[in-house]
Amino acid sequence: MPFAAVAIKVPLHKTFDYTYQSSMTPCVGGRVWVKFANRRCVAVVTELKKHSDVPENKIKPLESVIDSTPILDSAHLNFLLFASQYYCYPFGETIFTALPGALRDGHNVDKTQLPFLTLTDEGRETTQLRAKKQLALLEQLRSAGDATHSELKTLGFTQAQIKGLLEKKLICEELRPDTSWQNQPLSIGTKPILNEEQATACSAVNHTDGFRTFLIEGITGSGKTEVYLQCLEKVLNAGKQALVLVPEIGLTPQTVNRFKRRFPGLPIDLWHSNLTDNERLHTWRRAQQATTALVIGTRSSIFLPFQSLAMIIVDEEHDHSFKQQDSLRYHARDLAAYRAHQAQCSLLLGTATPALETLKKALDNKFQLLTLSKRAQTSQDNQFLLVDMKAQQTQGGFASTSLKAIERTLAMGKQAMIFLNRRGFAPTLICHECAWISDCQHCSTSATYHKSMQRLVCHHCGEQQFVPHQCPDCGSTQIMPTGLGTEQLEEFIAAQFEDVPICRIDRDSTRRKGSLESALEQIHQGGAQVLIGTQMLAKGHHFPDVALVVILDVDSGLYSSDFRATEHMAQLITQVAGRAGRSGEPGTVILQTHFPEHPLLQDLVNNGYQDFARYALTERQETMLPPYTHLALVRAEATSAHLVMTFLSDLVPAQPFSGIQLLGPIPAPMERLAGKYRYQLHIQATQRNVLHQYLMQLKEYISSHKLATRVRWNIDVDPMDTY
């Protein structure tokens with residue numbers, strides 16, 4: 001009796017064997033319906049075999065077959081198996097993470113194929129017809145080949161003429177993917193002349209065959225996107241597909257518009273979390289059938305099943321939005337490297353502020369480093385100004401120097417950007433009498449005051465509370481906001497600069513569909529003179545009229561328990577500063593800080609990120625931190641702190657494992673979140689293969705641990721933060 005090994009969306013690190021009748025035709029990579037634990041669910045076939053190690057009387061039969069052809073080919077299954085093993089996540093759950101919702105639910109809808117009109121045997125032989133137009137249509141199909149309804153209509157044929165030939169059975173309809181773009185010459189829009197560095201980068205990429213990873217380290221405004229576009233020409237001209245990864249949903253509309261202007265008529269699709277299930281399925285099918293040439297998407301687009309993938313581009317590769325922080329904790333940049341190697345194609349990693357892991361590989365010649373050191377629009381760099389906030393009188397969080405600079409910028413008819421990476425009105429409320437603080441009831445942090453909603457909102461667990469009229473501890477009515485949020489900045493600037501249009505961009509102001517696109521359009525049209533926002537505003541946007549950037553609360557990233565905090569802060573400052581001076585004139589960047597003498601800030605201001613990053617690498621090497629060692633975390637949480645500590649303590653072996661260092665268990669930086677106590681175990685190794693050997697053993701041990709079902713746990717390989 002034949003057997004099918006299937007992957008099911010359950011938290012178990014194995015596949016399951018089912019029998020099937022010879023009349024059934026399951027296929028590897030196709031979906032089937034099975035009974036599992038008294039419920040009916042969708043499974044994906046990973047192997048067909050003649051023998052099973054499970055006793056036959058314990059093996060259930062497949063209920064039915066959904067797909068007669070694979071939805072995942074063997075190469076894609078191998079890619080997902082690699083992701084599962086590398087990130088220590090169940091294979092079944094990895095597969096179902098990669099599938100769009102409609103396919104996970106067992107639907108088999110495909111609206112991406114078009115009806116092509118083709119000649120029947122009788123139609124090929126027919127040379128005479130009374131209807132001259134119908135005869136002309138037959139001649140058209142004989143000479144030019146099959147065509148869609150719309151193509152024939154553009155040639156002057158009517159639906160009535162097509163219907164007449166269908167009724168006479170001289171032509172018939174066949175559903176097929178429309179891959180006509182592959183055989184048509186690529187239409188190229190207007191493109192600028194490349195400078196020497198850009199031309200060198202394009203030449204290096206275009207003269208490489210097979211797999212190669214390029215790090216394009218280009219300062220902000222140096223024209224990295226133009227390099228992407230001109231490198232893509234060769235790929236798209238050959239009828240091959242490409243994937244462009246961007247870190248934020250907000251970047252996809254402007255990226256798509258620029259790519260569509262360059263390649264008019266080329267089928268380009270989007271992929272991000274704001275799409276509907278039908279839209280995501282549509283893009284999935286089009287990638288699989290090669291009816292789309294290019295997909296621009298956020299991190300999960302790395303799982304799309306391309307038919308002929310020939311180039312992957314990761315824009316702003318340093319951005320930690322590419323790291324998934326729950327479920328399958330993958331990093332899209334790292335999976336892109338595996339995917340490019342598998343497809344034997346080029347991988348382009350572009351950024352002004354490369355992650356230290358990426359930079360080290362480039363300096364070790366594992367990646368080819370391509371440097372863009374000149375700004376495309378101006379020959380001069382932005383001017384940096386450190387404002388010492390010690391003992392300074394402030395208004396609304398601004399130093400007088402900053403307010404005067406904003407006033408001068410507005411008087412010149414230019415735009416000013418104010419950056420604060422904290423939404424809401426204020427980080428917390430405090431009682432003036434007894435120092436009560438509006439803490440979240442379920443987390444080890446304060447609840448943020450949102451004035452527009454008149455709510456206290458925890459940005460970690462989402463819990464909302466009404467704003468109290470009196471202090472819960474002492475009854476005082478002297479409750480006031482403390483600290484700054486983007487809402488408060490907007491209110492202050494509106495009062496300070498009356499009649500000046502303001503645009504605030506953060507997660508609160510862009511919740512409604514289309515609101516972000518509308519706000520960006522308002523900025524580009526000059527309808528907003530002061531831009532206020534969080535890091536949503538900082539990433540990759542091109543605002544040519546921004547002449548001044550003011551960065552508040554620089555100090556929050558200078559002192560932190562996270563060893564990556566200074567790297568992230570340097571990247572953020574550089575990226576935000578890069579929004580200024582993009583119209584041909586250098587801009588001004590003001591950094592408000594209590595520590596203007598801090599070596600990080602001095603290095604950034606005087607020498608730039610490139611110098612800082614190379615110095616930071618020497619520090620990492622001296623302290624034996626990533627990328628010179630490899631790190632994983634075992635995170636665990638439960639309603640009882642004792643339970644979590646007992647569970648993690650049991651994972652620490654009496655005899656140390658060779659090549660492995662363990663730290664912990666220790667409380668997470670935010671020990672309590674949503675009512676759960678959180679602890680973690682740090683696992684560090686000098687060799688990656690040693691780390692994964694240890695994790696494989698640890699995963700097996702945890703799965704059989706008596707507390708594993710009472711504690712929520714996960715393994716995070718290459719964690720981006722340790723919160």
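Asn38 sits in the loop between β3 (31-36) and β4 (39-49). This is a predicted model, and in it Asn38 has a positive phi of about 65° although it is not a glycine. Is Asn38 buried or exposed? Its relative accessibility is 76%. Exposed means over 50%, so Asn38 counts as exposed.

Lys169 is not a glycine either, yet its phi is positive, about 60°. Look for Lys169 in the loop between α7 (159-167) and β8 (171-176). Its relative accessibility is 61%, so Lys169 counts as exposed.

Now step back to the domains. The protein is divided into domain 1 (3-105), domain 2 (113-177), domain 3 (196-227 + 239-372), domain 4 (383-425 + 484-621) and domain 5 (630-717). Domain 3 and domain 4 are each written as two segments. Between the C-alpha centres of domain 2 and domain 3 there are 41 Å.

Next, helix α1. This helix covers residues 74-86, 13 residues in total. From first C-alpha to last, α1 reaches 18 Å. That is close to the 18 Å expected at 1.5 Å a residue. Which residues of α1 are buried? They are His76, Leu77, Phe79, Leu80, Ala83, Ser84 and Tyr86. An α-helix has 3.6 residues a turn, so residues three or four places apart point the same way. What do the buried residues of α1 pack against? Their partners are the strands β4 and β32 (712-717), together with the helices α2 (91-98), α12 (332-343) and α20 (688-703). Strand β4 has already come up, as one end of the loop that holds Asn38.

Then look for empty space inside the protein. Rolling a probe the size of a water molecule over the atoms shows where empty space is left. How many cavities of 30 Å³ or more does a search of the whole structure find? The search finds one. The volume of the largest cavity is about 30 Å³. Its lining is made up of His318, Ala355, Glu357, Arg564, Glu567, His568, Gln571 and Met720. By class, that lining has three charged, three polar and two nonpolar residues. Helix α17 (residues 565-577) gives the most to the lining, with three residues.

Two cis peptide bonds come next. One runs from Pro626 to Pro627, with omega near 15°. Pro627 lies in the loop between α18 (599-623) and β29 (630-638). The other joins Gly664 and Pro665, with omega about 5°. Pro665 belongs to a strand, β30 (residues 660-673).

Strand β30 also holds Gln661. The relative accessible area of Gln661 is 57%, so this residue is exposed. Which residues does Gln661 touch, leaving out those up to four places away in sequence? The contacts are His682, Ile683 and Gln684. Gln684 is 23 residues from Gln661 along the chain, but their C-alpha atoms are separated by 5.1 Å.

Methods:
Residues numbered from 1 in each chain as written. Predicted model: local features only at pLDDT ≥ 70, side-chain atom pairs only at ≥ 80, totals over all residues. Heavy atoms only, no water. 1 Å grid on protein atoms, 1.4 Å probe; cavity = no way out; pocket = protein on both sides within 12 Å on 5 of 7 lines; lining within 4 Å. Points joined across faces, edges and corners; volume = space filled by probe spheres on them. Helix = DSSP H or I, 4+ residues; strand = E, 2+ residues; numbered from the N terminus. Nonpolar A, V, L, I, M, F, W, Y, C, P; charged D, E, K, R; others polar. Buried < 20%, exposed > 50% of the residue type's maximum accessible area, 1.4 Å probe, protein only. Domains from an automatic or database assignment. Contact = heavy atoms within 4.5 Å. Expected span 1.5 Å × (residues − 1).
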